[in-house]
Amino acid sequence: MPTSRRAFAAAAVAALVLPLSACGSGDDGGGSTDTSGKVEGDITFQTWNLRANFKPYFEGVIAAFEKKYPGTHVKWIDQPAEGYADKISADAAGGTLPDVVNVSPDLVAPLAKAGLALDLDKAAAKYKPEYLDGAWASHRIPGMSGTYAFPWYLNTGPLFYNKSLFKKAGLDPEQPPKTYDELFADALELARQSDGKVATLANVPTIEDFGRYGVRLMNQRGTGFAFNDAKGIELLAKYKELYDAKALDPQALTATPESSGKKFLTEAVAMNPGSALDLGNFKKQAPNLYRNIGITDQITSTGHVNMYVMGVMVNSRTKHTPAAVAFAHYVTDAQNQMSFAEKVAIFPSTAGSLDDAYFTKEDGTDETKVRIAAAKSLKNAVNYTPVLFSEQMKTALRNEVAKALQGKESPKAALDNAVKACDRLLRQQG
């Protein structure tokens with residue numbers, strides 16, 4: 001279960017690798033969209049690495065649903081985070097995809113194209129007003145009409161920074177960077193003052209970072225990538241400058257969200273993204289860091305922070321469409337989302353839920369401060385990662401970024417090559 005912003009990112013990046021085009025036609029989303037029948041029958045519900053921490057919660061939700069609809073039975077399957085995309089791909093190809101499936105937008109895209117994801121604009125349009133507009137739109141696929149999953153939980157978070165490291169570098173620990181120019185200037189100063197021993201950032205730029213910088217990621221039709229524009233080249237050139245000055249951690253080329261988090265925890269880097277849940281981890285695992293923790297907003301040039309989105313998809317081939325749709329809606333309704341949000345540092349995608357006192361009322365703690373700020377920013381947040389940006393594309397971009405940082409290619413050549421590779425992969429998706 002992704003319980004922090006960086007862990008959420010790690011869990012939400014997977015995309016289907018195996019081709020699904022043989023599984024069906026993407027013209028209409030697959031089978032019947034009729035949900036007017038009686039809610040009954042046996043259905044399967046698959047989650048993504050949630051059983052270990054939330055077994056009582058999900059068992060309670062299932063029991064309440066079965067009580068509400070006596071003719072139903074829900075079999076809960078939980079898959080580990082590792083290999084989740086491959087498991088869905090294999091099930092889709094083998095005709096064993098569960099009736100209701102926990103997905104992220106990039107996971108649902110190939111399923112929708114293969115006709116295996118039910119179009120909720122047709123099957124469940126009456127529920128659309130219950131969700132935030134941006135969250136409902138997050139499971140739409142460029143080039144297709146329709147919405148292919150109920151929005152479930154959202155996440156975003158601030159930037160954490162180490163006040164002690166800022167102070168040692170002669171920077172004002174109460175004035176963290178608010179813009180990219182300030183971030184890059186502070187990072188260079190931190191590296192200079194520490195003789196390259198303290199980096200500010202631990203990750204190379206991802207597609208999300210290009211989005212927050214204001215780079216146009218795809219063309220208007222969604223048929224090709226465009227992040228090799230002047231602004232994209234400018235961002236990568238800035239990161240090359242940081243890398244050369246050791247203001248970007250030398251191990252950033254191979255870093256994972258978890259390894260970056262450990263770098264911050266051990267005070268080897270000065271800044272890292274996170275969520276309210278991280279504060280408890282800092283307090284327990286790194287008391288010195290916790291005493292010197294600074295909290296500031298995500299840096300963005302667009303006025304919109306990034307959000308991560310999870311969804312619940314209905315298999316268009318289910319034999320019990322009314323029950324599957326009813327259960328997917330039930331799991332993601334306002335009451336159940338709010339209950340889930342109070343158990344872990346995530347946020348509901350249902351309209352009005354972010355106005356609850358839990359997300360608006362201060363109590364003097366840093367955890368609440370972070371939660372309130374994140375909830376406020378989510379109201380107009382954007383999921384910058386394109387729905388069609390697959391795991392292979394992420395790898396292609398990362399490889400080219402690494403070449404640019406190492407000086408093997410210019411930033412322009414690296415991004416031109418990345419766009420070509422991603423466009424080729426996009427065409428292969430059909």
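Helix axes here are lines fitted to C-alpha atoms, over the stretch in contact, and the angles between N-to-C directions run from 0 to 180 degrees. The helices themselves (H or I, at least four residues) and the strands (E, at least two) are DSSP runs numbered from the N terminus. Before we set off, note that this is a predicted model, in which local features need pLDDT of at least 70 and side-chain atom pairs count only at pLDDT 80 or more, while totals for chains, interfaces and linings use all residues. Residues are numbered from 1 along each chain as its sequence is written, and side-chain values use heavy atoms, with hydrogens and water left out.

Let's start with two helix pairs. The axes of helix α8 (residues 180-193) and helix α10 (residues 230-244) come within 10 Å and cross at roughly 15°. Angles under 35 degrees count as roughly parallel, over 145 as roughly antiparallel, 65 to 115 as roughly perpendicular and the rest as oblique, and α8 and α10 are therefore roughly parallel to each other. Their crossing is left-handed; that term applies if the near helix is turned anticlockwise from the far one by less than a right angle, and right-handed if clockwise. On the α8 side F184, A187 and L188 take part, meeting L235, K238, Y239, E241 and L242 of α10, where contact means heavy atoms within 4.5 Å.

The second pair is helix α12 (residues 276-285) with helix α16 (residues 366-378), whose axes come within 8 Å and cross at roughly 160°. These two are therefore roughly antiparallel, and the crossing of α12 and α16 is right-handed. A276, L279 and G280 of α12 make the contact with D366, E367, V370 and R371 of α16. A charge sits over a ring if NZ of Lys or CZ of Arg is within 6 Å of the ring centre and within 35 degrees of the ring normal. R51 does likewise with W76, its charged end lying over that ring at 4.0 Å from the centre.

Rings of Phe, Tyr and Trp (its six-membered ring) pair if their centres lie within 6.5 Å; planes under 30 degrees apart count as stacked, over 60 as edge-to-face and the rest as tilted. The structure holds 31 aromatic pairs. One of them joins F54 and F340 edge-to-face, at 5.3 Å centre to centre with 80° between the planes. F54 lies in helix α2 (residues 51-68) and F340 in helix α15 (residues 334-341), so this pair ties together parts 286 residues apart in sequence. F54 is buried, with a relative accessible area of 7%, and F340 is buried at 1%; buried means under 20%, exposed over 50% and partly exposed in between (1.4 Å probe, protein chains only).

The rings of F58 and W152 have centres 6.0 Å apart and planes at 80°, so they too are edge-to-face. This pair links F58 in α2 to W152 in strand β4 (residues 150-155), 94 residues away, and both are buried. Ring pairs join these residues into a cluster whose members include F54, F58, W76, W152 and F340.

Finally, turn to helix α4 (residues 105-113), where seven of the nine residues are buried, so the helix is largely enclosed by the rest of the structure. Among them are P105, D106 and L107. Just after α4, G115 takes a positive phi of about 80°.
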